[in-house]
Amino acid sequence: MTDFFVARERDNLFRRIEELTPTMRSRKSLVTGHALICHFNDELRTMLGLQAARGSSILLSRTLWRFLVFYVIPWPEREPRNEPALQRFIGVQAPRDFASDHAEFVALLQQLDARIISAALEPHPTFGALTFKQWGRCLFLHIDFHLTQFGIHGEFAKRDIGISGGTTAR
């Protein structure tokens, strides 16, 4: 189903997130488990309107690009390969210790649950205003993409799309 707001899928992601350790590294970049948690926190703070968005939305990204990314092509994230790119990936707030940043991640997800119920989320920096279903898909694909970079694969891939690997075309 690949929807963050479906309990079974969300629980699968949470189990995978718990496999992250602070020093674990992405297979292809400079990103550590700690940096990834900070990246997720940055994105969640933006969704919740707790910090300004860093992206820009144009008509093409809110229409055709959104459809392609959500339903046709693999998630188009780039991996930071140098220190300045890593700092942009981590986001606005500098990392503290892993336990504190992980606790913030859990707290932000709890705030997200409350906001989703009231439909009070900010527009996505690239994709613009999203429906509840689109937010669920966007969150799932984003988190799954990064966990797969760390070799932490989910069970949905074979079941939902017939291909293993997590970030193949959907």
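Buried means under 20% relative accessible area, exposed over 50%, and partly exposed in between (1.4 Å probe, protein chains only). The model you are looking at is predicted, so local features need pLDDT of at least 70 and side-chain atom pairs count only at pLDDT 80 or more, while totals for chains, interfaces and linings use all residues. Residues are numbered from 1 along each chain as its sequence is written, and side-chain values use heavy atoms, with hydrogens and water left out.

Let us start with the partner of Arg96. Arg96 and Asp101 meet through their side chains in a salt bridge, that is, a side-chain nitrogen of Lys or Arg within 4 Å of a carboxyl oxygen of Asp or Glu. Asp101 is buried, at a relative accessible area of 1%. Salt bridges with shared partners join Asp42, Arg45, Arg96, Asp101 and Glu104 into one network.

The whole structure holds seven salt bridges, including these:

| Salt bridge | N to O distance |
|---|---|
| Arg96 and Asp101 | 3.0 Å |
| Arg45 and Glu104 | 2.7 Å |
| Arg16 and Asp144 | 2.9 Å |

In the salt bridge between Arg45 and Glu104, distant parts of the chain are linked: Arg45 sits in helix H2 (residues 33–47) and Glu104 in helix H6 (residues 98–118), 59 residues apart. Helices here are DSSP runs of H or I with at least four residues, numbered from the N terminus. Arg45 is buried at 7% relative accessibility, and Glu104 is buried at 16%.

Next comes the salt bridge of Arg16 with Asp144. Arg16 belongs to helix H1 and Asp144 to helix H7, so this pair ties together parts that are 128 residues apart in sequence. Arg16 is buried at 2%, and Asp144 is buried at 0% relative accessibility.

How do those two helices lie? The axes of H1 (residues 7–17) and H7 (residues 132–149) come within 11 Å and cross at roughly 30 degrees. Axes are lines fitted to C-alpha atoms over the stretch in contact, with angles from 0 to 180 degrees between N-to-C directions. H1 and H7 are therefore roughly parallel to each other, a term for angles under 35 degrees.

Finally, look at the surface. Leu60, in helix H3 (residues 59–62), is exposed at 53% relative accessibility. Ile58, Leu60 and Leu64 make a nonpolar surface patch of about 300 Å². Patch residues have over 30% relative accessible area and no salt bridge, with like charges joined within 9 Å and nonpolar side chains (Val, Leu, Ile, Met, Phe, Trp, Tyr) within 5 Å. Accessible areas come from the Shrake-Rupley method with a 1.4 Å probe, and for residues only the protein chains shown count as cover.

Terms used:
Parallel < 35°, antiparallel > 145°, perpendicular 65-115°, else oblique.
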